[in-house]
Amino acid sequence: MKAELECRFAQRKDILKRACDRVGSTVSSRKMILTHPNNHKTSAMCVIQKAGSTYWKHVVAAYRRHTQSIIGEDSHSKIVIGITEPKLNTPHTLFTFVRNPYTRLLSGYVDKIFSINPVYWKKVGSKAAEIVRGKGNSSAGNASCGSDVTFAEFVDFILYSNDNKMDIDRHFNPIHRHCGFCHVDFDYIGKMETFVDDMVFVSDVMGLLKYDKSRDAVIHWGLEGMHHMIYSNAFSVFTSRRLQMERCGVTLIEGLRVTWKRWQIRGMISMDLPFPLKADDDQVTFERFNELAQKAHNESDPKVLSEGKKRALREAYGSLTYEAKVRLRKLFEPEFKMFEYDPMPDYVFGKYRNVDKFSFFDNKFLRD
């Protein structure tokens, strides 16, 4: 298995090198997280948002806490370096993870705009609503907050921003603009599509499996993280995000219903398990809602979860115009070659038909 994975990583390096020879260099100012050195050799991870970044931050943080408790304040365990030079010559073992650009873009939309995320509603959603709809044409109530921006509107905003050379948030900016891929000789390029195998292999190479705390973090966040994710998603709606959410005209029940849809889109709760609360259940506690969500997750059929994720992709991209799809393909074109992704997958360019009226995205707040 190890030899097979080594071959997989070697092939990815070769594919990237040949692609860079064809597409040219990419500009990047992204940073890298360095772990504690083994015999003065350091492992460095270039972290890309929406490509396992949360997992790696948790695991590396656990590793750093452990190594610092052993060796004290070691400068190497804190180093952050930027990739800005034409060539980066280091003694480090370099890692990164990438992801299919179409699934990454939808994931960014779901987590930052569709979900209960007032910070990104204001930061991105309100701008998208203003630019795409026009200043006088945004729907009342949620427009100034950006909480009701659709995926089609979000994509139009990203394309508009790219065409007009506006800054694009790092969660949505194409992967080929991160990490200086054509300037840096990465030793290992993992993929979210083969995350478990790649993650365990890379964690071992980085030395993360040698210590109890970091090994436990690998298992918890990499293999058993969904229960915690459900807990933290629900908790934030009841606590840190509730006030701003309600100021944007979104009630607690509406926020919880959207959170339930988020879990269905992400393949954490089956789409055949409906939202368990009624409109007048506004006295529900976090403990009760978390209990209902954890139970639904445990009862979800893996086959239905997988089908739900595929259907969500088709529904989201089915809402785009053909022109928008073609423009997205052009935006992502370098990484199709660099990381060997399909530029025209059926879930983007195929026809989507809703045969049973179930929708992940339509009228997410269920308002008349």
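Predicted model: local features only at pLDDT ≥ 70, side-chain atom pairs only at ≥ 80, totals over all residues.

Mentor: Lys50 lies between strand S2 (43–46) and helix H2 (53–71).

Trainee: Why is Lys50 called buried?

Mentor: Its relative accessible area is 12%.

Trainee: What makes the phi of Lys50 worth a remark?

Mentor: Phi is near 65° there. That is a positive value in a residue other than glycine.

Trainee: Is Cys179 buried or exposed?

Mentor: Buried. The relative accessible area of Cys179 is 0%, and the cut-off is under 20%.

Trainee: On to the rings. How many aromatic pairs are there?

Mentor: The count is 36 aromatic pairs. One of them joins Tyr231 and Phe286.

Trainee: Why is the pair of Tyr231 and Phe286 called edge-to-face?

Mentor: Check two values. The centres lie 5.0 Å apart, and pairing needs them within 6.5 Å. The planes stand at 90°, and over 60 degrees counts as edge-to-face.

Trainee: What makes Trp260 and Phe275 an edge-to-face pair?

Mentor: Their centres are 6.2 Å apart, with 75° between the planes. The limits are within 6.5 Å and over 60 degrees, so both values pass. This pair links distant parts of the chain, 15 residues apart. Trp260 is in helix H10 (residues 252–265), and Phe275 is in the loop between H10 and H11. Trp260 and Phe275 are both buried.

Trainee: How do you know that Lys191 lies over the face of Tyr341?

Mentor: Lys191 is at 4.5 Å from the ring centre. The distance limit is within 6 Å. Lying over the face also requires a direction within 35 degrees of the ring normal.

Trainee: Now Arg311. Why is Arg311 called buried?

Mentor: Arg311 lies in helix H12 (residues 302–318). The relative accessible area of Arg311 is 13%. The limit is under 20%, so Arg311 is buried.

Trainee: What makes the link between Arg311 and Asn354 a polar contact?

Mentor: Their side chains come to 3.4 Å, and the limit is within 3.5 Å. A polar side-chain atom of Arg311 also lies 3.1 Å from the backbone oxygen of Phe358. Leaving aside neighbours within four places in sequence, the contacts of Arg311 include Met271, Tyr352 and Asp356.

Trainee: Last, the largest pocket. Which residues lie nearest its centre?

Mentor: Lys50, Arg99, Ser107, Met229 and Arg266, out of 45 lining residues. So we meet Lys50 again. The space in this pocket is about 1,700 Å³.

Trainee: Which element gives the largest share of the lining?

Mentor: H8, with eight residues. H2, H10 and H12 are among the elements that each supply at least two.

Notes:
Residues numbered from 1 in each chain as written. Heavy atoms only, no water. Phe/Tyr/Trp six-rings, centres within 6.5 Å; stacked < 30°, edge-to-face > 60°. Helix = DSSP H or I, 4+ residues; strand = E, 2+ residues; numbered from the N terminus. Buried < 20%, exposed > 50% of the residue type's maximum accessible area, 1.4 Å probe, protein only. Polar contact = N/O pair within 3.5 Å; in protein donor to acceptor, adjacent residues only side chain to side chain. Contact = heavy atoms within 4.5 Å. 1 Å grid on protein atoms, 1.4 Å probe; cavity = no way out; pocket = protein on both sides within 12 Å on 5 of 7 lines; lining within 4 Å. Points joined across faces, edges and corners; volume = space filled by probe spheres on them.
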